[in-house]
Structure formats: structure tokens, C-alpha cells
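Good morning. Please look at the display while I talk.

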Amino acid sequence: MTSMDRRGFIRTSSTALGGLWVGHYVRQYPADGAAALAPVQLTAFVRIDPAGSIVVGARGCEIGQGVRTSLPMLVVEELDVPWSMVRVEQLPYALDAAPQPPGVRPRYGSQGAGGSTSIPDGWDDLRQAGAKARWMLREAAARRWSSQASVLKTGDGAVRHPDGRRASYGELAADAANIAPPDVVQLKTPSEFRLLGTRVPTVDARDIVTGRARYGIDATTEGVLIAVIERCPWFEGGISSVDDSATRRVAGVVDVVRISGHAPGEDIRHNLAAGVAVVARDTWSAILGRRALRVEWTRGPWASDSTRALQQRAAAQLQGTGTVVRQDGNFAEAAASGARTIEAQYTVPMLAHAPMEPPGCFVELGPQRARIVASVQSPGDVSRIVAELTGLPRLSIDIELPRSGGGFGRRLRSDYVAEAVKIAQQVRRPVKLIWTREDDLAHDFYRPFGMHGLSAVVDTSGRVTGWRHHVAATPRPRRDPGMREAPAWTGTCDPDAYPAGAVANYESRFSPVEFGMAPGWWRAPLHTFGAFATESFIDEVATATRRDPVALRLDLIGAAREQPYRDHGGPVFHSGRLAHVLQEAARLIAWNSPTPAGRGRGIACHFTFGGYAAHALEVSVVNGSVRIHRCICVADVGQVVNLAGLEAQLSGGTIDGLSTALRLEVTWANGRVQQRNFPDYPLMRLREAPDVEVHVVQSTRAPAGAGEMGIPSALPALTNAIHAATGKRIRTLPIGDQLRTGG
Amino acid sequence: MAVRFTLNGRDVAFDGDASMPLLWYLRDYAGLAGTRFGCGVGACGACTVHIDERATRSCSRAMSTLDGREVRTIEGLAQGETLHPVQQAWLDEDVPQCGYCQAGQIMAAAALLSRTPSPSDEEINGLTNLCRCGTYPKIRKALHRAAALLREEKAP
Ligand code: FES
Ligand code: FES
């Protein structure tokens, strides 16, 4: 893999699991004399100093999903010490030399943040990391006391003998470091967990509330220069001419350099767009210098395109047949023989990620080494990109992983790292690249647009006998070298999602619609629109056939079974788990009780990346604005790791979904993005945000990641509730002022 | 002519570009990176500080306007190791997710509570700081908790 893509990422990390850190223990300090007072590294993730303080490494990219807390918890559970004895330390991205190509392997295993994989990826290797350290400590005590390790107990940061002897981890650490653990150590059973499943507060919380926490944008060094870039506003456009004379007269401006882009149609390997960088002594001078630039652009092949035209192209495509992605039975025959066919179309807009901390990157280039500090989600990609651009070996590139002010998939792309490197190569000084919010909204890898045509065939008894889901959307692989092999529908069709498998005649179709943008992964990517279309349509079928929406869903989910699910989050989908969260949501909102006057209830459920979620909402609409009175989210992620973090992800994901449904979209006119800053990309604020009642299903199954699953069913639960309250069916997102004008 | 003001209780003078927003002075020159950049146009509140005890969006406040003012940033809110009640409440409710917006949220909340010790829901809803992670329900809870803590502090 040379480039990050969701599926490739999973493949890479699971091969990495095999040989990576199993057996990777580091023997750094001899067990004698003064050196024994130095901290002892027991495994790659556990360091103990003789005074007993225990340091556990956090390997992930902390983007607000809580991995700096939850991943160390996996280690600590098996290390068998109280959380209060542990200090968490962020690890950098690190590689070791390896004999096989590409000549390096990740020292700490999977460090990226994407696809909700951090917890599933760490479930085995991080628990093993803790368990091996504990095994080594117990073994050291057994040797010291000439006893059997199996009789020794742990639990409070010490090893205890049944006869009362006790040695702290700190006392044992130096001996333990000289003992090699077996390749695989016995792990706890879920009933033995003391930490997993409890609520552990955010590791950096105190630093955050005092302003001491450090994010990518905070990196600095003596003599650092600040850069901002004026980028070509047209897809695949370029620089025609630059007049930087006024810029160079701005006090504080040090240099103006060009960043090349990619030729039209060419893969986007590094930075997204061509641009002109203004490099200055401070951010404000750089911003003023940029304002003074006069750049003429070549406008590229998309300069007259617009989202309106894109919608027309998509609508035309939906009239055609598209290509078949999945076919069970024969939908056409079912339609010909069914009592009735119900149809509806749904449209979802492009979205920007808009992480609260805009993209940006600090880079220091030396002749032998490079140092990168940036808020990223894909450090492996950063490493490859910097190596490609500088010619440095990957082992000579240091990548630090500060906290990120949100990610949402934006930072799976490392285009801003490439930009910073290209600038630093020209100015030969440490550089910090700053993106303004305007840069961020205008130069994102956007969540793709899609138009979904759904058809259901219902027989005379009201049974659904046929189902078709036709997606017209921008094809996924556009300009993305990592996606060249993937089918065009990847990332926009979810052919194995329910009701596939439960309806005899099921068809999934795809029609590509060209558009100039480079699509990106936006938190819970295809699920954000797949769930909206499917779960809205189920409601429409229920209304048309006078069925109860919960009962119809349970029919469509079908009997409890495991069925193959080939996309990310598979290999199986368990229908019973989805039915259960749906029923729980219905119970919690008292689905069968009368709704208070003027209000409506809506419900929806969805399977995302191995997790099952359902939302139930109660809303009213007054003067065209929606008021959310109750908002319930039920989730089954399997074994809970950090209950506090899980609740936060589900609550925050729900609010992300609702915020998106209400007002968010990115549009183009004359080839240019129309949204400039938060005033025209109006995220939900405190006033509108409901208290989300989160309910978590108890389970001991291997855990799924929960950073994305809170979103998908929130959107249709909202629009279904709006329909119940007002009779108005929302088929195009965002809701915007449709409730005002359409009544 | 230099602009003179106090920053977290210390006298400072600035004689650079008077049009520079306070935000970039804090981040690039004062070494106070806890005040955050989110939009630069006064729309998100990530850059909120106190000027003369009022919540102010520092991205939209030029250095030239600060002469004789008292500026307080997130780094100056606690009394040594003793957290301000709003910070303590934020910890108790474990509000932060990515945490990036939270310095601004805390500064906005502290300013609200300093003049409105028992804010109504409507007054709380008047806080317009954005949180992309959606921590609003916890912000609401933490605000009520902080109000209670402050009232306790003031009680004789
Ligand atoms: S950065 Fe000042 S309000 Fe957004
Ligand atoms: S905690 Fe991430 S933006 Fe508020």
C-alpha cells in the first residue's frame, strides 16, 4: 500500500498484527548497580521505574475519539494494576528496520485512526502487551522466591505470594526485563475484567482545561516561519501568473514560494491543489501578505460546473439502469407480479469535515533527518509522503503525534504535510503551515454527493418481496492512487446492508456521476447516506402499507442469524443484534404509547463497522424549526472498553448526525465552493443540541470501534420523527428551510 | 507607540503591527497557545479570552484596542494549582473530547457565571461557542455544576 484507503488500511494493520510486536520486548537496562534505578522498559508499551511509577504508552492518533485513554486501558487491564497508578505517555509514530520489503515495520503496531479500527486492532496485541509485562514480573518474583509463578497473585502494582511476601512491580522490573515472555500469554476472561467496561475520564483532561494540552497547531521552535497558502480555487486548475510585489512589502513577510499541483486527471499523491505560499515571521504577517498577493489561475476543466448541474446529471443517471452491484432473486419479476411498487428518491449533499483545529503542519528538515509534528490520522502515510518528497529513508523521519483538534476523516489525507515539506524545502528553515478556516472549507476531500433511488415491491398481504437500491454518486477512485483497483461503487454502495439477505429479490445498482472534487472519507462514510436513504424509505413503505415502522423493520431485519457482510466491519452481520438495539430504542421512547400532542416520534437503526446502533427521537416543529424533545441512542459494540468514552462518542456522533442533517452542505457554483467559513457552514450550537440518552448493551463479544456508529441512524430517526410530527417527508438533506417553505 | 495592558496579571507592552488580532499575539509572541484558532472571524469562540472580565473573541480584537485593558487567558484562569470552579466542573463532568474548543468554552462559561451566578437555560443557550465534537450536553451539565460550586464558594 502506498496510499491510505480504508480497506487497505485494515489489511495493512492486520498483517502488521501478526509479527509485529509479539515478542517485542526491549531490554535496555542491566539489573545491577545505579543503572537499576533508571526506568525499565518491559515491553514496547510498559515502562516501570524502581520507585514504582508505571508508564503506559498510547500509540494511537488522539483526534477526540479517546484512544489516548482507551488503548492504554487495554494494556493496563492485563498488567493488572489500578488505573490510578498509571501515567499515560503518547508514543511517536515509530518504525524499526525489517529484513523484508519495504525494509521497515511499525514498532508499535497499528497507529492510524480510521475506520473505527483502533479498538479492534488493539484488542489482542495491546492486551498481550500488558499480559506479557505482568507475566515477566510474576516470573521474576517466582525466581526470586523459588516458587511457582502460578501461585503468585497481582492486582495492586505488586506480586504477592500466598505466604504474605510481596514485591512491587518497581522492585521486580529490572529482573523482569531480562526474562523473555512466551509469544502468547493467557489473557483474562471477561469476568475477570476490573477496568474494562468502567468509566475512565479523559487522560489529558486537566491539561485541556488549563490550556496546557498541545495540538499540532501548537508546535514551534526557535526561528520557525509561519506559512499560509493561496490555493487554486478550481479543481485541477493551476497557477498562470503571480505578482507578489505587494506581498513582499508587507512587514514580517520573509518569502513567497510556489507549490505545484497535479495535472488534470493525474493522481493526487501529495498536496491537493497548486498554490502560492507566503512565509512570514508570524501568522498575522503571513495572512496580510497573502491578502496582498495577485495570482492568476488556470481554471481547469471544471470551472463552469456546479452542484446544481451535478444533481441534474445524477437524476438522469437514476433513470438508467446503472451497473449491478448485487442481485438476489429477480427484482423485475417480483415487481411484475407484486401487488404494488413503492418508489422514492433521496439526495445527500457534499460535506466538509471542518475539524475544529484546521489542518496544518510543523516541519523541520535537516540533511539527515526530518521532524514532523502535526495533527494527523494516518502517520504511515505521512512517513511515506515525507520520504518520497525528501528522499530520506523512512527510519530518518521523526513523526510526533500531538492531540488533534478533531479529525472526522479529514486527517486521513496528509496533503497539508506535503505542502509544509515543499515549503520547508524552498525556504530552508523550520516551517509551520497554518490553514485558515476558509482554506479548510474550500480545499477539503469532501464527503461525496449521492442520489439514491429506492423501490420496494409489496405483495397483497403487505409482505415486502422485492427491494432495489440504486445509487448515483461520484465514483470513489477518482484521482486516488490507493483506490485504483477498487470498484467504482466502493464507498457509496453498501450492498450487504440490511434488508439485503432478508428480502428474496434484492438488487443494488450503481451509476457513476463525474464531478471534479477529490472525494474523502467523512466519519462513517457511506453509512451516513446509506442509512438515511434506507431508513427513510422503510418509513415510507410503512406509511404506504399502514404498517408500524418498528414492526416492518423487524420483518426486514428478519430472523436472528449471522449473514456475510463483505465491507469494512464484517465478515458477518448479526441481524439479531440489530433487532435488539431497535427494540430497546422503541422501548425506551415508549414507542407504543400515545405521542404528546404536536410531537412526532421517529426511529431508525444501522450496522456500522461492526457496531449496532438505533436512535429514537421525539420532535416538534414550530415555525419551520425543529425542536428535539427526546433523543435516545442504543448501541451494541460488544465488550465495552471505556464506558465514558463510548458514551461520549455515541452522544457526540448523534449530535454530529443531527447537526449535519439540519443545515450542513457544501455547494459549488461556477466551479468554486460557495461556503467560506462557519457562518455559512453552520454547525449545531448549544441551544439546539439535545441531551442524548445513551444506552449501551452489555456484551462480552470482541469489541467494535465506536467513533463513527453514532451518526448514521441519527439522521433518518430525525427526519422520520419530523414526518410523524408534520406529515412532511424530508428526501433531500440538509433539512435547511424545507419545513418553512414546504409546510 | 506601544500598547500597554496586563496579561494574566502581568504588565506587557506591544509595539508591533497594531492591526494584529490579539489571538495571534498570544499564540505567536506571548507563548500562550491555550487560546485557539478556529475561524478567525468571530464565529466559533475557540479563541475566547477575558478582556476586563468580559468574554471576548480574541481573533476579532486588534492589539490597538487593548491599551489599559486587563487580558486573561485560559492559562491565567486557575489560581496556581487550584482550578477555577468552571475548570473543576469541566473535569468532574469529563467534558472534553478532542478538547480543542474547551479553553474557549471555559472562558465563555466563566465570564457568564461571573455576572450571572444562576443562569437560566435561556442564558446558557446564549453561549454560541462551537464544539465540533458535540460535547454540548456535558457543557450544559458542567455549567450547572460550576454555578453550584461558585455559589458554595461565595456562601459565608
Ligand atoms: S477563532 Fe475567534 S471566534 Fe473563531
Ligand atoms: S471537544 Fe472537540 S471541538 Fe469541542
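Begin with an open sheet of seven strands in chain A, in the order E11-E12-E9-E19-E16-E17-E18, with mixed pairing. At its edges stand E11 (253-259) and E18 (397-400) of chain A; each has a single partner strand, so one side of each is left without a neighbour in the sheet. From one strand to the next the twist averages 20 degrees.

Before going on, some ground rules. This is a predicted model, in which local features need pLDDT of at least 70 and side-chain atom pairs count only at pLDDT 80 or more, while totals for chains, interfaces and linings use all residues. Residues are numbered from 1 along each chain as its sequence is written, chains are lettered from A and ligands numbered from 1 in the order in which they are written, and side-chain values use heavy atoms, with hydrogens and water left out.

Now the terms for the sheet. Helices (H or I, at least four residues) and strands (E, at least two) are DSSP runs, numbered from the N terminus. Two strands pair if DSSP finds at least two bridges between them. For angles, axes are lines fitted to C-alpha atoms, for helices over the stretch in contact, and the angles run from 0 to 180 degrees between N-to-C directions. Contact means heavy atoms within 4.5 Å.

E11(A) and strand E12 (residues 275-280) of chain A run antiparallel and are joined by six bridges. One pair to find is Val253(A) with its bridge partner Ala280(A) in E12(A). Helix H7 (residues 283-291) of chain A packs on this sheet and touches E9 (225-231), E11, E12 and E19 (431-434) of chain A, its direction making about 25 degrees with that of E9(A). Helix H10 (residues 379-390) of chain A packs on the sheet as well, touching E16 (360-365), E17 (370-373) and E18 of chain A, at about 145 degrees to the direction of E18(A).

Chain A also has an open sheet of four strands, in the order E25-E26-E27-E30 and with mixed pairing. Which strands are at its edges? They are E25 (600-608) and E30 of chain A, each pairing on one side only. The twist here averages 15 degrees from one strand to the next. Nine bridges join E25(A) to E26 (residues 611-622) of chain A, and the two run antiparallel. Helix H17 (residues 714-726) of chain A lies across E25, E26 and E27 (625-636) of chain A, running at about 160 degrees to E25(A).

Buried means under 20% relative accessible area, exposed over 50%, and partly exposed in between (1.4 Å probe, protein chains only). Six of the eight residues of H2(B) are buried, so this helix is largely enclosed by the rest of the structure. Among them are Pro85(B), Trp90(B) and Leu91(B). The buried residues of H2(B) pack against helix H5 (205-210) of chain A, together with H3 and H5 of chain B. Just after H2(B), Asp94(B) takes a positive phi of about 50 degrees.

H5(B), residues 136-154, has 19 residues and reaches 27 Å from its first C-alpha to its last. Its buried residues, including Tyr136(B), Leu143(B) and Leu150(B), pack against H16 (643-663) and E30 (692-696) of chain A as well as H2 (85-92), H3 (102-115) and H4 (121-125) of chain B.

On a 1 Å grid over the protein atoms alone, a cavity is a set of points where a 1.4 Å probe fits but cannot get out, and a pocket is an open set with protein on both sides within 12 Å along at least five of seven lines; lining residues have an atom within 4 Å of a point. Grid points are joined across faces, edges and corners, and a volume is the space filled by probe spheres set on the points.

Is Gln649(A) buried or exposed? At 6% relative accessibility, Gln649(A) counts as buried. The largest pocket holds about 970 Å³ of space, and E27(A) gives the most to its lining, with five residues.

Notes
Expected span 1.5 Å × (residues − 1).
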